[in-house]
Amino acid sequence: MKRFRFAAVWLAAMLVFSLIACSRAENLMTEEPSSEKEAAEMYQKLMQKEEEIQSEAAELWEKLFLTVDKDNLSITNNNNYGDFLLKIIEDARDQFSEKELQTLNDGAGQIKKIEEKLASLEEKYPDCVSGTQRRGSVQSADPLLCGGT
């Protein structure tokens, strides 16, 4: 009985923390900075959120990146990384279960929105990127795609 209560309390706590984390990410997407400094801070937080999305299911993302034919990548520096991810997910669809596809598609969809917000910040506050490694091109965003380990 004590284990059941403990598990119930633990689950409730996890749900609360998840809701808080999701609401913070949503706030970042709707907030508009009022200065270059705020824009730079928001930019950093959004980049961190992107990294968190991929870290949460790191093995699954790695499995996806290993399916990419690196010799036939047709990408430009202006592509949205989320769009790129959605395309490679679709190309490798038959190598994943429905649950895995859902996880990847959800993550790629979030990343696409984040990338759109990052582009908006860069347009309004060009200097907000200084001191930050910009995702620049899809290849620089993922070491597996440019021969790294």
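**Figure 1. Overview of the protein chain.** Of the contacts (heavy atoms within 4.5 Å) between residues at least 6 apart in sequence, 70% join residues at least 24 apart. The model is predicted: local features need pLDDT of at least 70, side-chain atom pairs count only at pLDDT 80 or more, and totals for chains, interfaces and linings use all residues. Residues are numbered from 1 along each chain as its sequence is written, and side-chain values use heavy atoms, leaving out hydrogens and water. The chain has 6 helices and 0 strands, in the order α-α-α-α-α-α. Helices (H or I, at least four residues) and strands (E, at least two) are DSSP runs, numbered from the N terminus. Of the 149 residues, 30% count as buried. Buried means under 20% relative accessible area, exposed over 50%, and partly exposed in between (1.4 Å probe, protein chains only).

**Figure 2. Confidence along the chain.** The mean pLDDT (the predictor's confidence in each residue, from 0 to 100) is 78, and 65% of residues reach 70 or more. Over residues 136-149 the pLDDT is below 50. Beyond near neighbours in sequence, this stretch has 26 contacts in the model.

**Figure 3. Packing of helix 3 on helix 5.** Helix 3 (residues 58-66) meets helix 5 (residues 98-124) at about 90 degrees, with the axes 11 Å apart. Axes are lines fitted to C-alpha atoms, for helices over the stretch in contact, and angles run from 0 to 180 degrees between N-to-C directions. The two helices are therefore roughly perpendicular. Angles under 35 degrees count as roughly parallel, over 145 as roughly antiparallel, 65 to 115 as roughly perpendicular and the rest as oblique. Helix 3 contributes Leu60, Trp61, Lys63 and Leu64 to the contact; helix 5 contributes Glu100, Thr103, Leu104, Gly107 and Ala108. These residues divide into 5 nonpolar, 2 polar and 2 charged. Ala, Val, Leu, Ile, Met, Phe, Trp, Tyr, Cys and Pro count as nonpolar, Asp, Glu, Lys and Arg as charged, and the others, Gly among them, as polar.

**Figure 4. Helix 5 end to end.** Its 27 residues should span 39 Å at 1.5 Å a residue, and the end C-alpha atoms are 39 Å apart, which agrees. The expected span is 1.5 Å times one less than the number of residues. Buried residues of helix 5 include Leu101, Leu104, Ile114, Glu115 and Leu121.

**Figure 5. Ile111 in helix 5.** Ile111 lies in helix 5 and counts as buried at 0% relative accessibility. Leaving out residues up to four places away in sequence, Ile111 touches Glu50, Ile53, Gln54, Tyr81, Gly82 and Leu85. Glu51 is 60 residues from Ile111 in sequence, yet 9.2 Å away C-alpha to C-alpha.

**Figure 6. Lys117 in helix 5.** Lys117 also sits in helix 5, and counts as buried at 6% relative accessibility. Beyond neighbours within four places in sequence, its contacts are Leu28, Met29, Glu31, Glu32, Met42 and Leu46. Leu28 and Lys117 are 89 residues apart in sequence and 8.9 Å apart, C-alpha to C-alpha.
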